[in-house]
Amino acid sequence: MIASAAPMATIETRAFIAGTFRHGAGAAVDSINPADGSVVATLHHCTAEDAQEAIAAGKAAAEAPAWRDMLPHNRARILHHIADGIEAQIAEIAALQTADTGKTLAETGALAQSASGTFRYVAAALETMDEALTTPRGPYLTMSIHEPIGVVAAINPWNSPIASDAQKIAPALAGGNAVVLKPAEWTPLVSLKLAQICADAGLPAGLLSVLPGRGSVIGDVLVRHPDVGRIAFTGGTVTGRRVAAAAAVKFMPASLELGGKSPTIVFEDADIEQAVAGVMYGVFSSTGQSCIAGSRLFVARAIYDRFMARLVECTQALRVGPGTDAATQVAPMVHHSHRDSVAAHVAGALADGATLLCGGRAPEGPLYDKGAYYLPTILEGLPNSATICQEEVFGPVLVALPFEDEADLIAQANDSVFGLACGLWTADYRRAWRFARAIKAGTVWINTYKQFSSSTPFGGVKDSGMGREKGRDWIRSYMHQKALYWGMDEAPLAWAKTQA
Ligand code: NAD
C-alpha cells in the first residue's frame, strides 16, 4: 500500500537570512527525490557574502538586550512554541523529508517528533538551570555563572536533518545565542521548513539563519569567521578533522559528532530471535545511513552458523521499497551517487575475498529502476583488519566475524579508529557489565540497539568525535562559564596596608 503523503504545496526553497526568506545569491541546484530521481524542488545556494550577512545579523541579535537579558522562562516559552509548531505539522514535515531523503514516512515522522521533544526537553532544562554559589576561601561570596557565547555555527549531515537541526538549535538558543545553520547539500528543505516554524513561533529576527550551500563555501566561512564563537558539527570524520583544526586556530569550542563502525556482539547465550531482530534493526534501518549503525557483527563461534543462517533468512525477507509505502522497511538511499559509493565498498570487499551471504546489488524491477536502492547486504570471511571492517560504509552493509573467547573479542571489537557505539546480546548481566566497561565507545546498548533519550548524553570517542549532545549539561555546553567574587570585608585588603 502506498501511504498518501501529506501535500507539500508550501515547500520553502528560499534561504533564511537575518530574519528574511530570500534566495541565496549562488547557483541554482535541484533537490532530488531518491525514490525515483524526480526533482523535489530547485533552490539557490548561498554565497560567502550571504553567510557573512547572517553572522552579522546573528551577532547583533545575540547582543540585543531583548534576547541576552530575556528571563529563562520566557526563552523557554519560545522553545515550547517551536515544539508546538513542529507537532502541528508532523505529517507535512515527514512527507517533505521523505521526498528529500528517501526515508520511510514512519522514520521521518519519528524524527520530527524527536525534534519537537528536543525543544521541549531543552525548555524544561532551561527553567531548572541553576547557577552555583561556590565554597569561599576568604571573606567573599563566590559564584559560578554561565553566559551566552554569541554566534553558534551548526553544520549538519543529510541523514536525519530535522532531528540533528533541533539538537543544535534548541540548546544554542536556550543558552542565549544566535545560530547560523548550514544543512547538507542533499537535504536542505526540511531545515528551511524548521526556519519558518521558528519564525512563526516568535523567535526574534536574526537569531536563526539557515543557509543552504556547499560545505567548502558556507561551512568554511562559518568555521573561520571571527564572530562565530562555537561550532556544533555533525558529519564525517575527514570533514570533522578539518573543522576541528580551523576551530583550534581561534580557540573556539567545538562539538564533533563523527563517523562510526560500531561492533554488535552476539554471545552464545543470547536470545537468538531478539538478537537477530536487533542486529537487523541496528544496521539496516535507515538503510544503514546512520552513524551508529551496528555494521560489524561478532558472533560466538559456537552459534555462528545457526545464527547467520537465521539472520540471512530474515534479512532476505525485509521489504525494500519507497519511503511512502507503509510496508517498507528498507527505503532508498539518500542519493544515487551515495548508493554507487556503497556498491563500490561491497565490490572492494568481494575483491578482497569476502563471501556474499545476501544482497550485494540493487533490486530489480520497475519499482526500483529509477531509485537509489540497494539490497541489505551481509558479508563474511574477512578478518577485522580488512578495509570493509575498518571503513565506514554508511549503507545497508553488514560484515560478520566469528569470535573465540572474550580476550579475542575485546581486542577485535576495539581494533577500530572509531568509538561511537556498541551492541551486546547476552543473558549474562555480569558479562554484559564487563564488556560494556571494556568497549571503547560513547554508547553501549545491552539487549537493545539504536535507542535514544534526550536526558542521556550522546557522543563518541577516538575518531568518532568529541563533546556530548543531550543531557542536563547540554545548554551549558553552549555557554561560557564565569566566576564572580563579591568582597564581604569592610576593611581594605591587608596587603595594601601602609604607614601613610
Ligand atoms: P560530510 O562530512 O561530508 O558533511 C557534513 C556537513 O559538513 C555537510 O553540511 C557539509 O556540507 C559540511 N562540510 C563539508 N565540507 C566542509 C568544510 N570544509 N567546512 C565546514 N563544513 C563542511 O558528512 P555527510 O556525508 O553529510 O554525512 C555522513 C557522515 O556524518 C557519516 O560519516 C556519519 O557517520 C556522520 N554522522 C555522525 C553522526 C553522529 O552523531 N556521530 C550523526 C549523523 C551522521
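The following legends describe views of a predicted model of one protein chain.

**Figure 1. Overall fold of the protein chain.** The protein chain contains 15 helices and 22 strands. Its radius of gyration is 25 Å, close to the 23 Å that the globule rule gives for 500 residues, so the chain is as compact as a globular protein of that length. The C-alpha trace spans about 90 × 55 × 35 Å along its principal axes. Of the contacts with a separation of 6 or more, 73% join residues 24 or more positions apart.

**Figure 2. Surface and charges of the protein chain.** Among the 500 residues, 55% count as buried. The accessible surface comes to about 20800 Å², and 56% of this area belongs to carbon and sulfur atoms. The mean positions of the 40 positive and 48 negative charges lie 4 Å apart.

**Figure 3. The aromatic pair of Trp 158 and Phe 394.** The count for the model comes to 11 aromatic pairs. Trp 158 is buried, with a relative accessible area of 14%, and Phe 394 is buried at 17%.

**Figure 4. The aromatic pair of Trp 445 and Tyr 449 and its cluster.** The ring centres of Trp 445 and Tyr 449 are 4.7 Å apart and their planes stand at 50°, so the pair is tilted. Both Trp 445 and Tyr 449 are buried. Together with Phe 452 and Phe 458, Trp 445 and Tyr 449 form one aromatic cluster.

Terms used:
Residues are numbered from 1 along each chain as its sequence is written. This is a predicted model: local features need pLDDT of at least 70, side-chain atom pairs count only at pLDDT 80 or more; totals for chains, interfaces and linings use all residues. Side-chain values use heavy atoms; hydrogens and water are left out. Helices (H or I, at least four residues) and strands (E, at least two) are DSSP runs, numbered from the N terminus. The radius of gyration is taken over C-alpha atoms; the globule rule is 2.2 Å times the number of residues to the power 0.38. Buried means under 20% relative accessible area, exposed over 50%, partly exposed in between (1.4 Å probe, protein chains only). Contact means heavy atoms within 4.5 Å. Accessible areas come from the Shrake-Rupley method with a 1.4 Å probe; for residues, only the protein chains shown count as cover. Lys and Arg count as positive and Asp and Glu as negative; His and the chain ends are not counted. The place of a charge is taken as NZ of Lys, CZ of Arg, CG of Asp or CD of Glu. Rings of Phe, Tyr and Trp (its six-membered ring) pair if their centres lie within 6.5 Å; planes under 30 degrees apart count as stacked, over 60 as edge-to-face and the rest as tilted.
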